[in-house]
Amino acid sequence: MRLSRYFLPVLKENPSEAQIVSHRLMLRAGMIKQAAAGIYSWLPLGFKVLRKLENIVHEEQARAGHIAIQMPILQSADLWRESGRYDDYGQEMLRMQDRHGRDMLYTPTAEELVTDIFRGHVSSYKDLPLTLYQIQWKFRDEIRPRFGVMRGREFYMKDGYNFDLTKEDALHAYNRHLVSYLRTYERMGLRAIPMRADSGPIGGDDTHEFLVLADTGESEVFYDSAVTDLTFGDREIDYDSRDQCQAILEEFTSKYARTDETHDEALFNEVPEERRRIARGIEVGQIFYFGTKYSEAMGATVQGPDGKPLPVHMGSHGIGVSRLVGAIIEASHDDKGIIWPEGVTPFHCGIVNLKQGDDEADTACESIYDALTALGLEPLYDDRNERAGGKFATMDLIGLPWRITVGPRGLKNGVVELTSRRTGESEELSPEAAVAKVGQIYAKIA
């Protein structure tokens, strides 16, 4: 993409309505535009990041053996009356009627709808286990939406639902989701800590939230600092292995880590004092096991091995995809702007032409652009007739991890400048070597 042809409405000044870093930088970088309170249009740069995150989620869900579907945004209230949640959910549910006077609602979550799908098509234990998921827009009518996409009313979310014959099977599904989420967040460049949490209106006794530590987090968290040293890395896991998945769960949840809702001061005090930490965290996902809460209420049964009907055991598992965009920025930025991790950057490398219109500089930039594209990468070429300072400021603001700067002076010596956005370090390389190095960086994370 050439910047002269791209829609990137950056702002020079900080928007007065933005209270936190991610909201401010997303507006300034031209990623979103507010349409109404807590509701945003996603502009090209923001939309590219959203799609990158969505693709990572899909890939890791497929790796874990989960099956994608798509459910509607509007649901019938009758399903929620069956489960008993229609009146209990509260004012966050946006209710409406269609032209025939039928009660409808804008989806805040989809346990009822997916249970209805299951009970209509699955009747035998031989069809289990089964996990269905979607990535879809949701709506919760927050009383005071704020912080941009971090606490909006409309949000993009992955919600998955497992159906199993026994509690033991369902808890394996729970563990499997925890493993897949650890992989997902690390691919996004995030350290998300699973913490014992409260189930809220979803229900159930077993639940963990995944939180990214940040000063602007909405939750107070208490944890053993040893949990921040844990990484999943590139280990391979057999998702069908109960022992492996259970071992990962124990590894990542045995140290004390809880939100304020489930904090136990006595247990926390058992943590060595030098490792006790109190901070704030941003919730980016949650997993639940709630047993037969919905299957019994809605008649979702299968014929068991003895021929008798059994209610299936269920759980639900969510990742806030749109919220993750804000969480990544909160965790990775500086005074100049965003710093995207390589795994989620909207463009892999920026190309800055210091003297647009100079034949040699123009030719070198086009050659670098074509070479990066040939490697399967997406460069963003700033070919505007702007001053160098303005071009650098834009690249720093939008946060591409790598920048290749091309100018007549360097080309006379046969070099361009390759700069890391995260460290600020630069090195002079031949154009070919700069392209090769960027290609090697991304080949390692592919």
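Colleague: What makes β20-β19-β21-β22-β23 the order of an open sheet?

Modeller: In this predicted model, where residues are numbered from 1 along each chain as its sequence is written, the open sheet has 5 strands in the order β20-β19-β21-β22-β23, with mixed pairing. Strands are DSSP runs of E with at least two residues, helices are runs of H or I with at least four, both numbered from the N terminus, and two strands pair if DSSP finds at least two bridges between them. Local features need pLDDT of at least 70 and side-chain atom pairs pLDDT 80 or more, while totals for chains, interfaces and linings use all residues, and side-chain values use heavy atoms, without hydrogens and water.

Colleague: Why are β20 and β23 said to stand at the edges?

Modeller: β20 (379–382) and β23 (426–429) each have a single partner strand, so one side of each is left without a neighbour in the sheet.

Colleague: Why is S420 called buried?

Modeller: Buried means under 20% relative accessible area, exposed over 50% and partly exposed in between, with a 1.4 Å probe and protein chains only; S420, at 9%, therefore counts as buried. S420 lies in strand β22, and, leaving aside neighbours within four places in sequence, S420 is in contact (heavy atoms within 4.5 Å) with P401, W402 and E425.

Colleague: Which residues touch the most other members of the largest nonpolar core?

Modeller: They are M31 and V325, in a core of 67 residues, where a nonpolar core is a set of buried Ala, Val, Leu, Ile, Met, Phe, Trp, Tyr and Cys residues joined through side-chain atoms within 4.5 Å. Helix α5 (residues 167–187) supplies the largest share of this core, 7 residues. Beyond four places in sequence, the contacts of M31 include W42, V325, I329 and W340.
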